[in-house]
Amino acid sequence: MMWPTRKNRFRSGLDTTSTADISFVLLIFFLVTTSMDIDKGLVRELSPMEPEEEQVEEQEVDANGMMELRIQADGRLLVDGEEQTVQAAGKKMEAFLERRGSNHVIVLGAHPQAAYDRYFQVQQQLVAVYRQWRNRKALHDYGCAYEECTPAQKQAVRKACPQRVKENYEFDKEGKTE
């Protein structure tokens with residue numbers, strides 16, 4: 001009787017038993033050594049939701065109490081239809097707030113194709129203008145900066161200097177707000 005012969009099968013190739021371990025170590029290495037970019041964003045603190053009985057109802061504002069800021073698709077900033085730089089628009093907003101007081105609305109519109117960086121600059125300028133306005137009011141009324149006021153004083157300043165900004169993203173075919 002013949003015993004069946006076993007064929008020696010020799011498999012050529014690389015030994016891949018440690019490939020998973022090496023891949024895992026490389027993954028950890030690249031995760032640890034890679035720096036992550038921090039995205040820009042708007043630093044905003046949202047006001048707490050007011051109880052229903054204290055909520056302000058819609059009010060009509062005359063045309064003189066409105067300032068319109070429009071960011072065109074090509075990045076131009078229009079303030080009430082006139083092209084302005086961001087800094088010049090800030091000065092115009094300051095004068096507008098001083099003139100109109102709490103009876104104002106700033107309408108901000110940005111074309112959908114406008115650069116976010118330009119929108120970001122305008123928003124930052126808007127926040128700075130309101131901060132300066134409230135700071136001047138606090139210095140006048142209480143003799144200290146807004147940040148140094150008591151919570152009750154801050155609330156009184158916010159009531160006297162409300163932030164009334166309406167964002168409008170409805171553009172017609174020519175890129176004007178509707």
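Me: Of the 15 residues of α1, what number is buried?

Reply: Keep in mind that this is a predicted model. Buried means under 20% relative accessible area. In α1 the number buried is zero, so the helix lies largely in the open. Helix α1 covers residues 19–33 and reaches 21 Å from its first C-alpha to its last.

Me: Which residues are buried in α2?

Reply: Start with the general idea. An α-helix has 3.6 residues a turn, so residues three or four places apart point the same way. Now the case here: V86, A89, G90, M93, F96 and L97 are buried in α2. Looking down the axis of α2, you'd find its buried residues within an arc of 125°, so they line one face of the helix.

Me: What covers the buried residues of α2?

Reply: The cover includes strands β1, β2, β3 and β4, along with helix α3. Turned away from the buried side of α2, the other face carries the exposed residues Q87, K91 and R99.

Me: How many salt bridges does a search of the whole structure find?

Reply: Six. To read one, look for a side-chain nitrogen of Lys or Arg within 4 Å of a carboxyl oxygen of Asp or Glu. Take E82 and K92, whose closest N and O atoms are 3.3 Å apart. E82 sits in strand β3 and K92 in helix α2, so the pair ties together parts that are ten residues apart in sequence.

Key. Residues are numbered from 1 along each chain as its sequence is written. This is a predicted model: local features need pLDDT of at least 70, side-chain atom pairs count only at pLDDT 80 or more; totals for chains, interfaces and linings use all residues. Side-chain values use heavy atoms; hydrogens and water are left out. Buried means under 20% relative accessible area, exposed over 50%, partly exposed in between (1.4 Å probe, protein chains only). Helices (H or I, at least four residues) and strands (E, at least two) are DSSP runs, numbered from the N terminus. The arc is that of the directions from the helix axis to the C-beta atoms. Contact means heavy atoms within 4.5 Å. The expected span of a helix is 1.5 Å times one less than its number of residues.
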